[in-house]
Amino acid sequence: MRIVIAGGHGQIALRLERLLAARGDEVAGIVRKAEQGDDLRAAGAEPVVLDLESASVEAVAAVLEGADAAVFAAGAGPGSGVARKDTVDKGAAVLFADAAVRAGVRRFLVVSSMGADAGHTGDDIFDAYLRAKGAADAYVQGLGALDWTVLRPGGLTDDAGSGLVRLEARTGRGMIPRDDVAAVLAELLETPATAGLTLELVGGSTPVSVAVKSVAGN
């Protein structure tokens, strides 16, 4: 498969790139800075320098042309303000989805967040983040031209992945290593029957492949 990842230098994205490259997929990661390219190449991915806050839908669609799947894993990051939650966590996700539709890429994964909700209330930065992610999710979920899956991990850690997770429509709060989020994304890409699902993910007791097959109804 050829897979294009938005936010290709993110912590989950780099892990996912390594997994996909190791299994023989062709991976391209969209990054904002050319100097991030070496990290992507080390992970086995092709870096594509493009700023999703300013790029046109045509420019993004050109990158997606011929891809089998797209993964939105970009984020404004913990140090960003409210404005960039709107331009990256929401705006860039909408742009990437529109570009996928234009390029004819049906399989579309979103790395969202547990608690994402366009109607979420509150004045803190994290509240704005959850609203932005929720609005982006709702936009993607409304696109009939995409075979989307929205993944909402719990609290992220840098612990070594265990390969054991809980993946359901509703899991309740919990933590999850980034390693295991990447492993679930890799499995979702190979499981098209998960299209149309919005899933929460935390640490658990079920092997990743079994958990994904279970939600796919296999």
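**View 1. The largest pocket is lined by 42 residues.** Ala-73, Ala-74, Gly-75, Ala-76 and Gly-77 are the lining residues nearest its centre. The model is predicted, so to speak of local features a pLDDT of at least 70 is needed, and side-chain atom pairs count only at pLDDT 80 or more, while totals for chains, interfaces and linings use all residues. Residues are numbered from 1 along each chain as its sequence is written, and side-chain values use heavy atoms, with hydrogens and water left out. A pocket here is an open set of points on a 1 Å grid over the protein atoms alone, where a 1.4 Å probe fits, with protein on both sides within 12 Å along at least five of seven lines; lining residues have an atom within 4 Å of a point.

**View 2. Helices and strands share in the lining of the largest pocket.** At least two lining residues each come from α1 (11-22), β2 (26-31), α4 (82-103), α5 (125-141) and β7 (155-157). Helix α4 gives the most, with 5 residues. Helices (H or I, at least four residues) and strands (E, at least two) are DSSP runs, numbered from the N terminus. By class, the lining has 19 nonpolar, 13 polar and 10 charged residues; Ala, Val, Leu, Ile, Met, Phe, Trp, Tyr, Cys and Pro count as nonpolar, Asp, Glu, Lys and Arg as charged, and the others, Gly among them, as polar.

**View 3. Asp-127 in helix α5 is buried yet has no salt bridge.** Buried means under 20% relative accessible area, exposed over 50%, and partly exposed in between (1.4 Å probe, protein chains only). A salt bridge needs a side-chain nitrogen of Lys or Arg within 4 Å of a carboxyl oxygen of Asp or Glu. For Asp-127, the nearest side chain of opposite charge is Arg-131, 5.5 Å away. Do look at Asp-124 too: its backbone nitrogen lies 3.0 Å from a polar atom of the Asp-127 side chain.

**View 4. Glu-46 and Arg-2 form a salt bridge.** Their closest N and O atoms are 3.5 Å apart. Glu-46 sits in strand β3 (residues 46-49) and Arg-2 in strand β1 (residues 2-6), so the pair ties together parts 44 residues apart in sequence. Glu-46 is partly exposed, at 36% relative accessibility, and Arg-2 is buried, at 15%.

**View 5. Arg-15, Asp-158, Arg-178 and Asp-179 are linked in a network of salt bridges.** The salt-bridge count comes to 15.

Note on methods
Lys, Arg positive; Asp, Glu negative; His and termini not counted. Polar contact = N/O pair within 3.5 Å; in protein donor to acceptor, adjacent residues only side chain to side chain.
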